[in-house]
Amino acid sequence: MSALTDCPILTIDGPSGSGKGTISRAVSLKVGWHLLDSGALYRLVALAGARAGLPADDPSAHAQLAAAMDVRFGADAAGNERVLLDGEDVGREIRSETAGQGASRVAAWPEVRAALLKRQRAFARPPGLVADGRDMGTVVFPEALLKIFLTASAEERALRRHKQLKDKGSDVSLAGLSREIAERDLRDETRQVAPLKAAPDACVIDSTGIGVGAVVQRVLELGVTRRLWTRERI
Ligand code: C5P
């Protein structure tokens with residue numbers, strides 16, 4: 001259990017395109033735990049800020065918005081993800097690489113990170129939480145029972161994101177996307193507060209050349225060894 005939350009937590013951190021979202025969703029569905037997609041919160045802050053016409057260089061105005069914005073996560077009847085901002089489904093809009101860049105800019109501000117901390121911790125509810133992000137194991141849930149740091153080669157991460165965006169109907173160039181991802185990762189790794197890095201006690205999984213199913217299985221096995229769930233569950 002985490003002393004912070006009184007609820008078992010699995011954190012999955014890593015750079016863009018490492019497959020955190022896909023793996024976190026699959027594991028949470030398999031074991032019936034709740035899911036926190038913390039990147040979506042940063043994407044929503046950037047979107048809500050742009051919609052409200054906030055100056056792009058005003059951290060405290062964005063932090064106020066981060067604390068107050070009306071956000072709900074869910075799924076439609078077909079199981080597709082829904083992210084509601086002020087009641088409007090913005091699930092598609094926040095997934096673009098432009099939205100990712102906006103998120104990475106607001107995520108570098110300590111005020112915004114502090115404003116989202118409580119919101120993120122509130123996702124921890126029984127029977128357990130799978131938390132996906134950049135600082136889940138280092139800052140938000142330091143007492144998580146199992147911490148994964150998921151990586152893959154830069155080429156493979158760009159290819160995965162490219163396929164993901166194309167499947168969603170976005171026509172982006174692979175070269176441009178690779179540049180944007182490299183820029184975003186550099187900003188995430190070098191910011192002053194909660195930079196992207198593996199927690200000292202994280203299990204590092206390099207998923208280069210490994211399929212989703214095998215990575216999910218590896219995480220599920222690690223969960224058994226840490227007694228997060230029993231072998232019969234997986
Ligand atoms: O994971 P995703 O690509 O949706 O995250 C978008 C951006 O949000 C990241 O590039 C990062 O700057 C920021 N982020 C963060 N901390 C998290 C999750 C996301 O700084 N826990």
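Helices here are DSSP runs of H or I with at least four residues, strands are runs of E with at least two, and both are numbered from the N terminus. The model is a predicted one, in which local features need pLDDT of at least 70 and side-chain atom pairs count only at pLDDT 80 or more, while totals for chains, interfaces and linings use all residues. Residues are numbered from 1 along each chain as its sequence is written, and side-chain values use heavy atoms, leaving out hydrogens and water.

Which residues of α5 are buried? They are Val 112, Arg 113, Ala 115, Leu 116 and Gln 120. Buried means under 20% relative accessible area, exposed means over 50%, and partly exposed lies in between (1.4 Å probe, protein chains only). Seen down the axis of α5, the buried residues fall within an arc of 165°, so they line one face of the helix; the arc is that of the directions from the helix axis to the C-beta atoms. An α-helix has 3.6 residues a turn, so residues three or four places apart point the same way. On the other side of α5, Ala 114 and Lys 118 are exposed. The buried residues of α5 pack against β2, α2 (38-51), α3 (59-68), α4 (97-107) and α6 (136-140), where contact means heavy atoms within 4.5 Å.

## The sheet

Strand β2 also belongs to an open sheet of 5 strands, ordered β2-β6-β1-β7-β8 with parallel pairing. Two strands pair if DSSP finds at least two bridges between them. Because β2 (34-37) and β8 (203-206) stand at the edges with a single partner strand each, one side of each has no neighbour in the sheet. Neighbouring strands are turned by 20° against each other on average, direction ignored. Axes are lines fitted to C-alpha atoms, for helices over the stretch in contact, and angles run from 0 to 180 degrees between N-to-C directions.

Strands β1 (residues 9-13) and β6 (residues 129-133) run parallel and are joined by 5 bridges. Within that pairing, Ile 9 has Leu 129 of β6 as its bridge partner. Helix α1 (residues 20-31) packs on the sheet and touches β1, β2, β6 and β7 (146-151), its direction making about 175° with that of β6. Helix α9 (residues 212-225) lies across β1, β7 and β8, running at about 160° to β7.

## Salt bridges

How many salt bridges does the model have? The count comes to 18, taking a salt bridge as a side-chain nitrogen of Lys or Arg within 4 Å of a carboxyl oxygen of Asp or Glu. One of them joins Glu 221 and Arg 231 (3.1 Å, N to O). This pair links distant parts of the chain, with Glu 221 in helix α9 and Arg 231 in the segment after α9, 10 residues apart. Glu 221 is partly exposed at 28% relative accessibility, and Arg 231 is partly exposed at 46%.

Arg 191 and Asp 188 also meet in a salt bridge (3.4 Å, N to O). Here Arg 191 is buried at 8% relative accessibility, and Asp 188 is buried at 3%. Finally, Asp 37, Glu 81 and Arg 95 are linked in a network of salt bridges.
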